[in-house]
Structure formats: structure tokens, C-alpha cells
Amino acid sequence: MAKRAGKSSKRSESSRRTAASGGAPDVASQIAAALDRLAPPVPTAPDFAAADAFAWHPDGRKLTPVAHVNRVDMSLLKGIDRVRDMLVENTERFARGLPANNALLWGARGMGKSSLVKATHAGVNAQTRTASSELKLVEIHREDIESLPALMALLRGSRHRFIVFCDDLSFDADDTSYKSLKAVLEGGIEGRPENVILYATSNRRHLLARDMMENERATAINPGEAVEEKVSLSDRFGLWLGFHRCSQDEYLAMVEGYVAHYRIPLTGEALHREALEWATTRGARSGRVAWQFVQDIAGRLGVRLRA
């Protein structure tokens, strides 16, 4: 029994020595490997020569080229001449390396806010493109706003200039992601990169619903400061461009522009009558409604809508 106890004691001592000498590096290696697996992958530098437009994917910290941007020609955007000229002028200054403002396009639904941003990018890029630099459009989705600082880090230092575009931007009651946007617009230590400008569209001028503002006012210790915290977000866009509901004449001009562009064989009173009837059934007049009507008559008349 004594011999077996002695052998057992020797084996225990040997195990302790093995753990103290050869075992420790193995454990350390395993920990290091586990940490490597948990660490996020290092983002690869995007190939900005691959396209004029990109979509941001925050999960992989990557930009995906968009081969074909869904946009309409600037000449087809009717009834928004003033805001069109202001946005184009602001974008041209930015493309030339001059000071320019972030822009918030707000107002009535279906009046061409996002279409104007995409058409402006194409028009200005065609005029100002050079061998050393060109204007790129990068779309970030509303739900990915919290990843905006990571996107800025990826774009900072590139020889290209970028319009970062967020369509239909707004915030819900308990949403705090707007703070990331505030920091990028003006408030952060690094701020917005010199080669990046932000364009956003929204149906709301202050990016949050009225009942949200009233709730903030009712529940806060200092109601004025609570509301000011969120309202100040839209103030950080230097350029506000308002889009309002169009008149009947403007609506018909939109329809006529599409019909002429796509050579649809329907004109005059017949076209106006059908267009107005379509708007009446939809309960609205807008550029979107005009386009939907044109798609309907093109389908009925067998006309393919090609750019």
C-alpha cells in the first residue's frame, strides 16, 4: 500500500511539473487563438475604382459596389427647380474641394427627394470628374446610423470625395442612435472628414414625430432642454431644402415629361384626363404618383420603359 501511495504521489508531482512547465504555454496559445477568433476582422481597403456608388454593410465593415444606380434623369424632376439648383450648387462646391454644407431634404412624400440626391450626384460627377479624384455616392441605411463613425474612418484619407446618403431618416421614441449622427455632423473630436458630406431625406423637418417631442417635454425635468437635445440634430444640417405638395399643373407637367421621354403614344386631353383620374383614385398628386401612372399606361400600351 505504501509503495502504491508513493507512486501515486510521484505521478501527482509529475503532473504538477508538466502543467508548470510544458502545460502553461499550451493554455496561453489556446487563449490567444480564442481572442483572435473573437476579434473583428481588419477591414480591407475598398476598391473605389469599381463603381461610382456603394452600399455600406456594417456587419462586415465593407462597402459593396453598386453597378447600376436606380435613378432618373434630372430633366424629369419637375416642380422642384429652386431646391434642385441649391443642392446642385452645394454639391458642385464640395466636388471642387470648396466649403459646402450637409443637406437635409425634408417634406412631402413622393416629391423626388431621394431622386434629386441621386440625379445630382450623377450630374455633378459627370462635370467635375478628374483622373485624380471623383465624387462617390455611399448609401447608409437608417438602422445602421450607429455605425457611421466606422464608415467615416474608412472614407477618411481617400483621394475621392464622398456623398454619404441616408434615405428616409427619422428616429423613434427610445432611439438614441441619433447621437452618433450628431457627433459626426459637428460634435465629435474628429468630426466629419474633409472629403465627406452628408445628405439625408426625411418626411419630418426635425427628424422625429410631434408626439415624441411632446412626450419628451412632458416627462423631462427640464422640458425645454430635453426637446432641444433632439431638435438640435436637424440644426446641424447647414442646408434645409423643403419639398411641398405639387399643384395640378406641376403634376401634369411631371406626367408629360415622362411620356415625352419614353415616347408613350398618349397626349393632350386624353392624357390629362387619365392622369387626373389616377391621382384622384390615389388621393394625392406627387412625382411618385405621376411615375406610377406612367408605368400603368406604358404597360397598357405595350411600351418598354428604358433609359
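Good morning. I begin with Asp144, which lies in the loop between strand E4 (135–139) and helix H4 (148–155). Helices (H or I, at least four residues) and strands (E, at least two) are DSSP runs, numbered from the N terminus.

A word on the source. This is a predicted model, in which local features need pLDDT of at least 70, side-chain atom pairs count only at pLDDT 80 or more, and totals for chains, interfaces and linings use all residues. Residues are numbered from 1 along each chain as its sequence is written, and side-chain values use heavy atoms, with hydrogens and water left out.

The term pLDDT is the predictor's confidence in each residue, from 0 to 100. The chain has a mean pLDDT of 81, and 72% of its residues reach 70 or more.

Let us return to Asp144. Is Asp144 buried or exposed? Asp144 is buried, where buried means under 20% relative accessible area, exposed over 50%, and partly exposed in between (1.4 Å probe, protein chains only). Not counting residues up to four places away in sequence, Asp144 touches Trp56 and Pro58, a contact being heavy atoms within 4.5 Å.

I turn now to strand E6, residues 196–202, in which seven of seven residues are buried. In a regular strand the side chains alternate between the two faces of the sheet. On one side of E6 are Val196, Leu198, Ala200 and Ser202, on the other Ile197, Tyr199 and Thr201, and all are buried.

Which strands pair with E6? Two strands pair if DSSP finds at least two bridges between them. Strand E3 (residues 103–107) runs parallel to E6 and is joined to E6 by four bridges, with Ala103 partnered by Tyr199. Strand E5 (residues 161–166) is also parallel to E6, with five bridges, and Ile163 stands opposite Ile197.

Both Tyr199 and Ile163 are in contact with Thr91, a residue of helix H2 (residues 81–95). Thr91 counts as buried because its relative accessibility is 0%. Other contacts of Thr91, leaving aside neighbours within four places in sequence, include Thr120, Val124 and Leu135. Thank you.

Note on methods. Lys and Arg count as positive and Asp and Glu as negative; His and the chain ends are not counted. A salt bridge is a side-chain nitrogen of Lys or Arg within 4 Å of a carboxyl oxygen of Asp or Glu.
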